[in-house]
Amino acid sequence: MSFSADAHRFMAHALRLAQRGMNTTTPNPRVGCVIVKEGQIISEGWHEKTGGPHAEAVALANLAASLTTTLSTSAAGSTVYVTLEPCSHTGRTPPCADALIAAGVTRVVAAMQDPNPQVAGKGLARLGAAGITTECGLLSEEAHELNIGFVSRMTRGRPWVRLKIAASLDGKTALKNGVSQWITSAQSRQDAHLWRARSCALLTGIGTVKDDNPRLTVRGVTTSRQPLKIVVDSQLQTPLDAAVLTGGGVLIACATDHPVRREALTAAGAEIIVLPAAHGQVDLAALLTALGQRGINEVLVEAGARLNGALLQDNCVDELLLYQAPLLLGEAARGMIHEGPQSELTDLADARQLHVIEHRIISADFFIRARFL
């Protein structure tokens, strides 16, 4: 299906609108919408937060107040460009498909089909049955990328997981004594907070909690919410005065239940889930499934070499965010990933391949974003 240059322009604008909800819509998808009449945008809207009106409803509500055109403020006869198929079911808000039908629009162009099984083509079908021309697939890759976590949760039952690592050029993340603050520049750390802000959850391990005592909060980025904080702590060893416990919103995944420690950590504001795997470790795949069931779309991992290695070994990582500073810390320093001797490679052909999708320089540091092939 081919689309005009104007159609591309309108959908690109809808995608920019959707990005305004980057840090706030979870667990809902990020969606933008524009209403076009006689080649001009007469209204627009985006989904701002869960529980609030969807993008199409916002655009329709904004129609009367639109100052961008002298055209009639009626949506009748208009074309709607929306970055995700309009919903057809009643959740916290009424179906957007019904609102568009009632408004008298004649054409709806969606960037992509909704992966939610409750919708998945039904919204477009309802519009078509009402006599509205529907088209789908315009800038679909961009729309998919914008909501890659939502798509992952709907199709795989688990969130999209990004592994963030700050390292030296020789691949070290801390000195032998555990000191790691700070390897990369302030600018790189601020960039990492943008990834924190868009994430639904931040995940670390007990080793990092003990060594670095992180807060796992978004700082320096405008956001109306803080991500869920998750600690993988097999034996419930999280100190009661750990900074991560401050402010609540903490989930601790353990392998063995210790009633006394659990009671103390619960009193400190943490929620405990027991997910045992072999050798006294946390079942990481089960943890991701549990997070998907909680509506978690995107997870950012900021952990040490052992948890990084365990996640990779269990195929729980989708994307790598690597910040490398122009430093050499030496052989004795701590590495990025530890997967154990059983994962030792003897042939380069067995190495895990990644596709670099972004690379740039931040201050003096190198940033690489890559996905596993």
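I started with the second largest pocket, which holds about 480 Å³ of space. This is a predicted model, so I keep in mind that local features need pLDDT of at least 70 and side-chain atom pairs pLDDT 80 or more, while totals for chains, interfaces and linings use all residues. Residues are numbered from 1 along each chain as its sequence is written, and side-chain values use heavy atoms, with hydrogens and water left out.

**Pocket and cavity**

My terms here: on a 1 Å grid over the protein atoms alone, a pocket is an open set of points with protein on both sides within 12 Å along at least five of seven lines, a cavity is a set where a 1.4 Å probe fits but cannot get out, and lining residues have an atom within 4 Å of a point. Points are joined across faces, edges and corners, and a volume is the space filled by probe spheres set on them.

Of the 26 residues that line the second largest pocket, I find Asn 28, Pro 29, His 54, His 89 and Asn 116 closest to its centre. Helix α6 gives the largest share of that lining, three residues. Helices (H or I, at least four residues) and strands (E, at least two) are DSSP runs, numbered from the N terminus.

I then looked for cavities of 30 Å³ or more and got one. The largest cavity has a volume of about 70 Å³. Its lining has 18 residues, with Thr 25, Asn 28, Arg 30, Asn 297 and Glu 298 closest to the centre.

**Cores**

A nonpolar core is a set of buried Ala, Val, Leu, Ile, Met, Phe, Trp, Tyr and Cys residues joined through side-chain atoms within 4.5 Å. Buried is under 20% relative accessible area, exposed over 50%, partly exposed in between (1.4 Å probe, protein chains only).

The largest core has 41 residues, and Met 11, Val 34, Val 80, Tyr 81, Val 108 and Leu 138 touch the most other members. Helix α1 (residues 5-19) supplies its largest share, seven residues. Apart from this core lies another, of 30 residues, including Cys 200 and Leu 311.

**Sheet**

Next I traced an open sheet of nine strands, mixed in pairing, in the order β11-β10-β9-β8-β12-β6-β13-β16-β15. Two strands pair if DSSP finds at least two bridges between them. Strands β11 (270-274) and β15 (354-362) stand at the edges with a single partner each, so one side of each has no neighbour in the sheet. Parallel strands β8 (residues 201-205) and β9 (residues 228-232) are joined by five bridges, and Leu 202 has Lys 229 as its bridge partner in β9.

Most residues other than glycine have a negative phi, and most peptide bonds are trans. I noted some exceptions.

- Thr 26 and Pro 27 are joined by a cis peptide bond, omega about 5°, and Pro 27 lies in the loop between α1 and β1.
- Gln 181 to Trp 182 is cis as well, omega near 5°.
- Ala 120 has a positive phi of about 35° and counts as partly exposed because its relative accessibility is 34%.
- His 279 has a positive phi of about 60°, sits in the loop between β11 and α10, and at 78% relative accessibility counts as exposed.
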